[in-house]
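Please examine the structure shown below.

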Amino acid sequence: PNIRFYAGQPLRAPGGANIGSFCVIDRQPREFGDEDRALLADLATLVERELSLLLEATQDPLTGLYNRRGLNDVAQHVIALCARSGSRATVATIDLDNFKQINDRHGHEEGDRVLQWFARTLLKHFRRSDVIARLGGDEFCILAPLIAADGLRASVARVTTAYQQSDLAARHPDFSWSVGIREIRCEPDTQLDEVLRLADQQMYADKQARQQKPARPSGKRG
């Protein structure tokens, strides 16, 4: 309202997408010369560099998913959103079974391809609003706001079906994963670490139960 002056410099994400502008606004008319434009462009470049550093610090370089730090940062906002609306959120922790054998038998390059395939498949079959992270090694996590546990199980089932229909199943028929799913009612003091601990308990129970059964060539949901 009552804006009489505006100067903006586009801000771009590390991938080149326009994400906004670094701007100067005033309610009084102003002159804006070449030196001012250069200064605005320099300031915008500094902001882009800060965004790039933040992305590097919160993104897993192999899969492009959030890393543990990125998950922690975003989880604060997700939990606060659910707490304000009185809604539930659901957390799933996933551990890839027999992944070390893939590295040992086929090399780490093939292991990296498997991790990248799994990350892409998670992104495809979960909602855009779900926060998907690689916690490290062969461990993944999904934080899904405003959804019950059954909704997350349905997404996991779609990932299983995608594996069964993929070339990966032919190359690695023993590839599977264990899943622990925990539904929570968010409160302002809800701690992500505690929720992950509870989900991990269920995931390890799923892994132990399936290790006592004959191996089957498919990922399974818990």
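## A pair within helix α5

In this predicted model, Arg153 and Asp150 are joined by a salt bridge, with an N to O distance of 3.0 Å. Both residues belong to helix α5 (residues 149-164), where they stand three residues apart, about one turn of the helix.

The two partners can also be described by their accessibility. Asp150 has a relative accessible area of 58% and is therefore exposed, since the cut-off for that class is over 50%. Arg153, at 27% relative accessibility, counts as partly exposed, because this value falls between the limits of 20% and 50%.

Salt bridges with shared partners also occur: they link Glu109, Glu110, Arg113 and Arg171 into one network.

## A pair within helix α3

A salt bridge also connects the side chains of Lys100 and Asp104, at 2.8 Å from N to O. These residues are four apart in helix α3 (residues 99-106), which is about one turn of the helix.

Lys100 has a relative accessibility of 60% and so counts as exposed. Asp104 likewise counts as exposed, because its relative accessibility is 53%.

Lys207 and Asp97 form a salt bridge whose closest N and O atoms are 2.3 Å apart. Lys207 is in helix α7 (residues 192-211) and Asp97 is in strand β3 (residues 88-97), so this pair ties together parts that are 110 residues apart in sequence. Both Lys207 and Asp97 are buried.

Counted by the distance rule, within 4 Å between the nitrogen and the carboxyl oxygen, the model has 14 salt bridges. Among them are the pairs Lys207 with Asp97, Lys100 with Asp104, and Arg153 with Asp150.

## Confidence in the model

How confident is the prediction along the protein chain, as given by its mean pLDDT? The mean is 91, and 95% of the residues reach 70 or more. Confidence is highest in helix α4 (residues 108-125), with a mean of 97, and lowest in α7, with a mean of 90. Helix α7 is also the element that holds Lys207.

Over residues 217-222, pLDDT stays under 50. The model has 25 contacts beyond four places in sequence for these residues. Where pLDDT is low, predicted coordinates should not be read in detail.

Key: Residues are numbered from 1 along each chain as its sequence is written. This is a predicted model: local features need pLDDT of at least 70, side-chain atom pairs count only at pLDDT 80 or more; totals for chains, interfaces and linings use all residues. Side-chain values use heavy atoms; hydrogens and water are left out. Helices (H or I, at least four residues) and strands (E, at least two) are DSSP runs, numbered from the N terminus. Buried means under 20% relative accessible area, exposed over 50%, partly exposed in between (1.4 Å probe, protein chains only). pLDDT is the predictor's confidence in each residue, from 0 to 100. Contact means heavy atoms within 4.5 Å.
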